[in-house]
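Please keep the sequence and the model in view while reading.

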Amino acid sequence: MELWTILGNVVILLGASLLVGGLFSRFRQSPLVGYLLAGMMLGGPGSIHAVSSEHEIEAIAELGVALLLFSLGLEFSFDRLRKLGSTPLLGGVVQVVLTVALAAAAAYPFGLALREAVAFGAMIALSSTAVVLRILMERGEVEMPHGRNSLGVLLTQDIAVVPLALLMTVLGGEGSASQIAWDVCKLMTMAGGLVLGLFLLNKIAVVALGTLTLQRNRELTVVFAVVAALGAAWASHFAGMSPALGAFVAGMMLGSSAFATQIRADVSPLRIVLLTLFFGAAGMVADPIWIIRNWYVVATAVAVITVGKLVVTWASFQMLGQSTRVAVATGVCLAQVGEFAFVLGSIGRASGVVSEDVYALVVSVAIASFFLSAFLVPAASKIGNWVAQRMRSDFRPNDDGVKIVESPDVLIIGFGPAGQIASWPLVDHGLRVMVIDLNQEGARKARALGFGGQVGDATQSEVLEHARLHECKAVVITVPHPESALMILEHVRKEAPNAHVIVRTRYELHTGDFVSAGAHVVTGDEQKVGESLAANLIEWVEGRDNRLTDENGSIDHVEAGIPA
């Protein structure tokens, strides 16, 4: 009966999430807010108690975060993760340390003991992997500068969960120094064994899948995807690590295999269901009655923590040499209290270092910041751009030391495969060409072709001004992300109204937006793919007709030679 009770509660929560999330989506708001509200209304303290299996659903829903990281890991091989560079990971370390220290210093004067103040700082230091990555993946912004920074920081924070949990235990006075040292050594050994085990198992599984006829046994990749993702999460939890981090490592190991795309598609429906349960379960943790009674404390704490984490992250990445726009956008993405606050708070309560009121406050702030992040994260890039324009601090000389002596005739923004192919006709025409690319490798390739190469974020007006955009006669925008391309196009129309503008769009549905914004020519990836497919199909049809003609002609010839 307990199983059927849990199943009924899951169905009720998913159904309510569907209705409330659909309502918010209808009014162009994030359905995530609806999922949280559905959980607050149906289960937990202060609700109508239509859902009673809060703890069981919460345990199941944690797998949704693991599947989210597993899917992301499939897109990030070790080489791609290495290309993120050390800045995001180092920024994560600086952000966690500064947040814990500053939050503890700010909480201490309000009557909290030193141990509880440090525990409070540890609880709010981590941001929400589930909220941030879900929104960034939906909007296709993981590859943008602030998206890469956010990914690096969130991975660092997932790693930091273990030492912060040990810190909570130490603050509670449990365990001697030798016992803690033994726990750390055991954890490091198990983590190394976990990575090695995942590597070997994935190699064996990929070889096994390669020997099977998957087109006839489609269910095999579905089963393999679920086993790989959930198995990695279970093994990571067993080793004392973050299940989400273990799932991410497993995804990265599979990311370079030929099955990565299909595995990602197969695991997607389960990920969506479990993530919806996760946000519903997160809503059930909150006590709306306590929040209403202490609304002024919660509102003040939300405002201070949101602004404080934004400023700390902003300052951390500015110190590491990143632009104001990217640093601010990263800060906006990470300016919330994450789901691991519940885990650390539970450890703190069990060890006696965190009081019930402090735990209730942190939980309430986390839920409120989830609501706020549903609106802030999508606007992170615009907020960063607005702050950078007001501060006028993002202008820098070319990082590669290339000076622009003469104004360029053509400006190419984005020098990936599309930009490189587009530039070929310009090599021997004596035109001055300037390339702007966020990737240093793109700028290097541009210089190898005799063009000017500048490393920079073209969504910043200062970068375009430095490239003498206002003197260009033609501009080619090949950036694949539609919102970034549209932002660049708006800057181009404002600064160079007479320039001929060609825009590449990945999807045809964005063509009208680019034309309305002032593009002269919009060429779509879908159109070019369709034309190529049509050309090959016509070639096949014509070849088929010729073969049929030849066959019919030979038959007529033979029949004509038979005597009547």
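Which residues of the largest nonpolar core touch the most other members? They are Ile57, Phe70, Phe120, Phe279, Val337, Val362 and Ile367, in a core of 121 residues. A nonpolar core is a set of buried Ala, Val, Leu, Ile, Met, Phe, Trp, Tyr and Cys residues joined through side-chain atoms within 4.5 Å; buried means under 20% relative accessible area, exposed over 50%, and partly exposed in between (1.4 Å probe, protein chains only).

The model is predicted: local features need pLDDT of at least 70, side-chain atom pairs count only at pLDDT 80 or more, and totals for chains, interfaces and linings use all residues. Residues are numbered from 1 along each chain as its sequence is written, and side-chain values use heavy atoms, with hydrogens and water left out.

| Core | Residues in core | Members include |
|---|---|---|
| Largest | 121 residues | Ile57, Phe70, Phe120 |
| Second, separate | 24 residues | Ile413, Ile436, Ile488, Ala496 |

Phe279 has contacts (heavy atoms within 4.5 Å) with Leu32, Tyr35, Leu36, Ala130, Val131 and Arg134, leaving aside residues up to four places away in sequence. Among the buried residues of helix H7 are Ala130, Val131 and Arg134. Helices are DSSP runs (H or I, at least four residues), numbered from the N terminus. H7 spans residues 129-138 and is largely enclosed by the rest of the structure, because eight of its 10 residues are buried. Gly140, with a positive phi near 65 degrees, follows H7.

Leu3 lies in helix H1 (residues 2-26) and counts as exposed because its relative accessibility is 62%.

Methods
Helices (H or I, at least four residues) and strands (E, at least two) are DSSP runs, numbered from the N terminus.
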